[in-house]
Amino acid sequence: MLGPVLKGGIEIELLGDIISGSYIRMTRALMQKVGANVHFSENTVKVNEGKYKEFNFSGMNEPDWSAAAFWYQVVAFAPKAQVLLRGLKNQSVQGDSVLPEIYDNLGVKSVFTDTGLLLTKSGKSLPAAIHYDFTECPDLAQAVIVTCAALRLKGRFTGLKTLRVKETDRIAALQNELSKLGYGIQVTDNVIDLDGTLTTGTESQKPLLIKCYDDHRMAMSFATLALLRADICLDEPEVVKKSYPGFWKDLELAGFYFSDRS
């Protein structure tokens, strides 16, 4: 972002695998909006010397697509559902806007309207297995993997290595908490496999304490399981304030009920 104001501009060579390349493209798109000359090809980012121009960004604020993932979970788990996510549009620079494509395989229909994105049950049969590479959208991994586990789908998920160094080691956290709930999950290096089973049979009537590991996405991904099980209890509900402070209020408006069993 400093490139345009540096003499001669700047050229950056990225070493190793590019993870979350969608964030680089999003930054490039926003810089181009204000007059920057930016090129991103393979492992090189080149920014020419120039000047930024004035631009009113207030008119292009987008809702957070990664936060929409938890409402996709709600629709996937509910027997009937209709959720309108206001402001989300079909054209987005956010990498997480792949959610409609991912959840089309998980029984959720996405329709863009004048006011936002309408989510309903598609009625489509679920696949026998799902494989997905999260290299471009690692922030969606927890919601999608929890969804697939709860729907008893076999799956293999790759492109996860940056999850080791997020708010917590998200790969280990998913393995720990899904296993605690009885879902068949195996981790090999940075690959997660689901075997489509629930080894404990029916859910426990005694609350199982799910650890959030100070991670907002762990809390929100597992909270939606309350639609399917009566034993979900989270140890750090307040962590959602990092990215979605109104999450619990929105769930309550949608009909979820919370109790303090401390």
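1. Two strands count as paired if DSSP finds at least two bridges between them. Strands here are DSSP runs of E with at least two residues, and helices are runs of H or I with at least four, both numbered from the N terminus. With that in hand, have a look at I130, whose bridge partner in β8 is G155.

2. A word on the model before going on. It is predicted, so local features need pLDDT of at least 70 and side-chain atom pairs count only at pLDDT 80 or more, while totals for chains, interfaces and linings use all residues. Residues are numbered from 1 along each chain as its sequence is written, and side-chain values use heavy atoms, with hydrogens and water left out.

3. Now the sheet. Four strands form an open sheet in the order β7-β8-β10-β9, with mixed pairing. β7 (129-133) and β9 (183-188) are the edge strands, each with a single partner, so one side of each has no neighbour in the sheet.

4. How do the strands pair? β7 and β8 (residues 154-158) run parallel and are joined by five bridges. β8 and β10 run antiparallel, with four bridges, and here R156 has D193 in β10 as its bridge partner. β9 and β10 are also antiparallel, joined by five bridges, and Y183 stands opposite L198 in β10.

5. The hairpin of β9 and β10 deserves a glance: two residues lie between the strands, and D189 takes a positive phi near 55°.

6. Two helices lie across the sheet strands. Helix α4 (residues 141-150) lies across β7, β8, β9 and β10 (191-198), at about 25° to β10. Helix α5 (residues 170-180) lies across β9 and β10, at about 155° to β9. Angles run from 0 to 180 degrees between N-to-C directions, using axes fitted to C-alpha atoms, for helices over the stretch in contact.

7. Elsewhere, helix α2 (residues 65-77) packs with helix α6 (residues 216-223) at about 20°, their axes 9 Å apart. The two are therefore roughly parallel, a label for angles under 35 degrees. S66, F70 and Q73 in α2 meet R217, M220 and S221 in α6, where contact means heavy atoms within 4.5 Å.

8. Finally, the structure holds 13 salt bridges, each a side-chain nitrogen of Lys or Arg within 4 Å of a carboxyl oxygen of Asp or Glu. One of them joins R25 and E136 (2.1 Å, N to O). R25 is in helix α1 (residues 21-33) and E136 in the loop between β7 and α4, so the pair ties together parts 111 residues apart in sequence.

Note on methods
Angles under 35 degrees count as roughly parallel, over 145 as roughly antiparallel, 65 to 115 as roughly perpendicular and the rest as oblique.
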